[in-house]
Amino acid sequence: MLNMFTLVLQIAVVLAVCRLVGTLFLKIHQPRVVGEMFAGIMLGPSLLGLIAPQLSSFVFPPSSLGFLNALSQIGVIVFMFLVGLGINPKELKSQGHAAVLTSHVSITAPFVLASFLAIYLYPRLSDSSVPFSSFALFMGASMSITAFPVLARILTERDMLQSRLGTVAIACAAVDDVTGWCILAYIVLLIRSAHTGNPIWLTVGGLIAFALIMIYGMQRLLRHFETVYHKRAALTDNAMALMLLLALVSALCTEWLGIHLLFGSFLMGAIMPKEQKFVRYVLDRFEPIVVTLLLPLFFAFTGLRTNIGLVRGREMWMYCGLIILVATTGKLGGSMLASWWTGMPAREAAGLGTLMNTRGLMELVILNIGLDIKVISPALFSMMVLMALTTTFMTSPVLEVICPQKMLRSETEAATREQLTVGQQLGLNPVGD
Amino acid sequence: MTHSNKNFVLAYLVLVALPVLGLVGVLRSGRNLVAPESVGGSWKIQADSTKLAALPCGVPLATGSDAGFTISQSGKNFTMNFTNSPMSVSSGEIQELSVKATILPSAGWAKTPGCGNGRALSLIATLDPKASPPSLAGTLSVNDCPTCVSVDFRAVQMDQAKAKGGR
């Protein structure tokens, strides 16, 4: 039964700890979200449960976690809508061959390396109820993801969004996320269809029909939001509610079709109009409640499922180290190699690889799906969470070493000067006016 | 075809197409891999309730109508939590069909009367994965206590762990 006192206490504790740790992380030049991810782990059995088990079971009794999970899932559904909204794969086209190759290699390299690692880990960290193909594909998909929102935040904080490195990284991350989620949808589909006994072709057919309706039917209707926004420079509360409702209905459709709620909300966001001011406006309306209140609950729930105590003994820590090594080699190394091959200077290519290695929150979302459908074990989940934290945490300091802000600032200024010159020649106003 | 286009095609073949072929190979070769038998999920214990009650912290196990345990498995290792009982497992392991675990009263309960002054239990059982539902049969005994009673038990899987991972 719902105990409101416990739930409100949990929300209060989570908010306080996440804000505090997030602020501390800002002081060490890490995005706040990384601190919040760490805060979530601290509230779980890995720290609070270990040092104060009675306090932990008072604040987070196992029987109450269903409500915390429900709230956090609502937050992730809306968050995935916002991620889809922020992604514009068309940006990749403007980046040319180099970005296309880098993007594709940044998916295939970690994917294939992870599947090789799966051969080693499957007999050690999985069990006979999980088919090897599901295990290997999940490992691949989870290692090939890039945290688009965290990446965008790092680039903004470092004033890199307008640099060549920043634009290529954002474009590649957008493609990575779309591809990663498509692969994950396929894996969830395989696993769930085997469980329910429904023929896979029926689900695939339904999903293709749904995607076509969304892209060729719904997308046209969604343009009205943009039109109204341009007329009034704002959207009414009813329009915002309708937008949210559409995201929820889309989420329900994909869940009903046999994949997962999150795919539907992501798809709805992805087909929304992509005009910059409109996107910014919608993000500004939704982000405060999602980022401030609901995502910390998701971090806490993830932390409560993460038990670093399960990674015990030299052997288990070696597996964890291998996972981090393979994830980093595949993503950082793959992206770096591809961009260097297509003519990017080695230092910039290394910077791009480092940026692409940011997994952050998106990784946690995927890992939670993997644990829910039981394709990964609790110990492997904990190791992968550590991998997500490590790869995200290392981005800012490694980037500072490879591409110091001074170097990028001069490049950004040069790019802005060039844009202004071209704009003046064409008689255009500067961007943003 | 220009030099840059040739370079792009070559890079695409080496860095994308070849790895994808490698992935196909991995998925094929991995089919023959064998992972430890699955014991994850909820299990219901069937045993002599008088003997169960005589075990350290065994009274709740013997009196509850839904006495059982939940196993959380990671490879050959697992953790086990008893429903209705303040017992917890520090470690458990499955080797082929043989299941072994050491069960300890959780921290707050170790000194509670009837909990054997923190004495550990041993669980030794054999898994029958082909039974429907899968079952465990074995004994629960008190560690370092030859005079203590050991309890034969049978446990059946409550949630079909076969739903896991799609097999």
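**Close-up 1. Helices H15 and H16 of chain A pack against each other.** In this predicted model, the axes of H15(A) (residues 313-341) and H16(A) (residues 346-356) come within 7 Å and cross at roughly 145°. Axes here are lines fitted to C-alpha atoms, for helices over the stretch in contact, with angles running from 0 to 180 degrees between N-to-C directions. Helices (H or I, at least four residues) and strands (E, at least two) are DSSP runs, numbered from the N terminus. The crossing is right-handed, that is, the near helix is turned clockwise from the far one by less than a right angle. On the H15(A) side, look for Lys331(A), Met336(A) and Trp340(A), among others; on the H16(A) side, the partners include Ala346(A), Leu352(A) and Met356(A). Contact means C-beta atoms, placed from the backbone, within 7 Å. Sorted by class, that's 8 nonpolar, 5 polar and 1 charged residues. Ala, Val, Leu, Ile, Met, Phe, Trp, Tyr, Cys and Pro count as nonpolar, Asp, Glu, Lys and Arg as charged, and the others, Gly among them, as polar.

**Close-up 2. Chain A meets chain B.** Here 43 residues of chain A touch 33 residues of chain B. Helices supplying at least two residues each on the chain A side include H4 (53-59), H8 (132-144) and H18 (378-402). H7(A) gives the most, with 16 residues. By class, this side of chain A has 27 nonpolar, 13 polar and 3 charged residues.

**Close-up 3. H13 of chain A is tucked away.** All told, 10 of the 10 residues of H13(A) (261-270) are buried, so this helix is largely enclosed by the rest of the structure. Buried means 20 or more other C-beta atoms within 10 Å of a residue's own, with C-beta atoms placed from the backbone. Among them are Phe263(A), Phe266(A) and Met268(A).

**Close-up 4. The largest nonpolar core and a separate one.** A nonpolar core is a set of buried Ala, Val, Leu, Ile, Met, Phe, Trp, Tyr and Cys residues joined through C-beta atoms within 7 Å. The largest has 152 residues, and Leu151(A), Ala169(A), Met383(A) and Met384(A) have the most contacts inside it. H10(A) brings the largest share, 17 residues. Leaving aside neighbours within four places in sequence, Met383(A) contacts Val311(A), Tyr319(A), Cys320(A) and Ile323(A). Another core, of 26 residues, lies apart and includes Leu52(B) and Ile94(B).

**Notes.** Residues are numbered from 1 along each chain as its sequence is written, and chains are lettered from A and ligands numbered from 1 in the order written. Local features need pLDDT of at least 70 and side-chain atom pairs count only at pLDDT 80 or more, while totals for chains, interfaces and linings use all residues.

How values were computed:
Two residues are in contact if their C-beta atoms, placed from the backbone, lie within 7 Å. A residue is buried if 20 or more other C-beta atoms lie within 10 Å of its own, exposed if 12 or fewer, and partly exposed in between; C-beta atoms are placed from the backbone.
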